[in-house]
Amino acid sequence: MGEGWINNEYEKSLDDAHPIIDWLRRSENISKKLTANGKFYEYEPTGAVLAHLHLANDLFALDHNVELQEKLIIRLKHKDQFGGARYEVEVAAMFIRAGFTIEFEDESDTSQSHCEFTATNKRTNKKFSVEAKRKEGVSLRLGKLFNNAISKVANHTRIVCIDMNTPLDSNHNDQTETCLKAIDKLKSFEGKPLNGLPRPSAYILVTNKPWIWSLDTVPGGNLFVPLAFQMESFDEQLQDPSDTVVTEDSTHIEFMELLQAAYQYTNLPISLDGDNPEFNT
């Protein structure tokens with residue numbers, strides 16, 4: 001983010017500071033408590049710590065693509081653009097971990113709309129047009145976001161990622177049931193036109209990570225709910241994507257690999273490059 005930018009944000013009040021600085025401050029307060037009296041203590045990470053470390057891990061994944069990282073960092077630095085840009089970073093990093101290369105769409109072409117980027121699977125060379133949408137506010141109506149996403153011009157098979165951005169309830173209950181209701185609403189659009197035109201088929205991945213809603217407490221788990229919109233013979237494979245063995249002849253192999261990368265994303269590596277520092281002494 002740049003030392004100058006970070007120092008400038010640190011000088012701002014708590015209310016005006018960028019969310020990243022808020023996460024850093026809260027993480028630093030925990031670090032001070034955990035290293036009291038020269039001792040180290042084990043603890044369950046809070047939402048602020050998870051938000052901070054996952055952002056660092058995602059930016060590390062994007063480091064191989066300088067153009068992609070620089071464009072997204074510019075947006076990340078703007079407080080009013082941060083939420084949407086953060087989700088794009090997450091989605092792009094997920095595709096990279098799943099074995100895709102990423103190219104931005106040509107935004108200088110104003111003759112038509114564009115998806116966020118084109119993702120190409122390195123092994124199969126199949127291309128996908130990717131849209132990343134993050135819901136704002138507490139409403140669970142994902143239909144508008146989805147319809148906006150599939151209205152974009154796409155040159156390849158569509159993958160739409162939508163973040164619910166929804167807190168857990170006061171008892172930290174799992175949000176699977178609520179999310180499935182939202183998914184059912186999306187499925188109800190199948191076979192129905194949009195603005196007088198047939199809706200295109202698409203892979204959908206609905207996510208929810210409640211870290212930012214539990215900055216000082218231990219947050220609940222992440223959600224990843226996949227859906228094949230207007231695609232046959234697919235939902236059977238989604239009973240437990242994290243446990244599915246993906247082979248060369250698997251149907252929808254690229255999306256299945258993306259799902260596995262999404263599930264693996266919930267576990268942070270011991271270090272950014274995956275090495276165990278204890279073995280490097």
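Predicted model: local features only at pLDDT ≥ 70, side-chain atom pairs only at ≥ 80, totals over all residues.
Residues are numbered from 1 along each chain as its sequence is written, and side-chain values use heavy atoms, with hydrogens and water left out.

Helices (H or I, at least four residues) and strands (E, at least two) were taken as DSSP runs and numbered from the N terminus. Two strands were treated as paired if DSSP finds at least two bridges between them. On this basis, 6 strands form an open sheet in the order 1-2-3-4-7-8, and the pairing is mixed. Strand 1 (100–104) and strand 8 (223–229) are the edge strands, each pairing on one side only. From one strand to the next, the twist averages 25°. Strand 4 (residues 157–163) runs parallel to strand 7, with which it pairs over 5 bridges; within strand 7, V206 stands opposite I162. Helix 5 (residues 82–97) packs on the sheet and touches strand 1, strand 2 (117–121), strand 3 (127–134), strand 4 and strand 7. The direction of helix 5 makes about 145° with that of strand 3. Here axes are lines fitted to C-alpha atoms, for helices over the stretch in contact, and angles run from 0 to 180 degrees between N-to-C directions; contact means heavy atoms within 4.5 Å.

R199 is placed in the loop between strand 6 (197–198) and strand 7 (202–208). The residue is buried (under 20% relative accessible area; exposed is over 50% and partly exposed in between, with a 1.4 Å probe and protein chains only). Leaving aside neighbours within four places in sequence, the residues in contact with R199 are N147, I150, F189, K192, P193, L194, F229 and Q230.

Side chains of opposite charge can pair when their charged atoms come close. Across the whole structure, 12 salt bridges were found. One of them joins E9 and K12, with an N to O distance of 2.9 Å. E9 counts as buried at 5% relative accessibility, and K12 as partly exposed at 33%.

D216 and R26 form a salt bridge at 2.4 Å, N to O. Because D216 lies in the loop between strand 7 and strand 8 and R26 in helix 2 (residues 19–34), the pair ties together parts 190 residues apart in sequence. D216 is exposed, at 53%, and R26 is partly exposed, at 25%. A network of salt bridges links D22, R26 and D216.

In the salt bridge of R123 with E257, the closest N and O atoms are 2.1 Å apart. R123 lies in the loop between strand 2 and strand 3 and E257 in helix 8 (residues 253–264), so this pair ties together parts 134 residues apart in sequence. R123 is partly exposed at 44% relative accessibility, whereas E257 is buried, with a relative accessible area of 14%.

Note on methods:
Lys, Arg positive; Asp, Glu negative; His and termini not counted. Salt bridge = Lys/Arg side-chain N within 4 Å of Asp/Glu carboxyl O.
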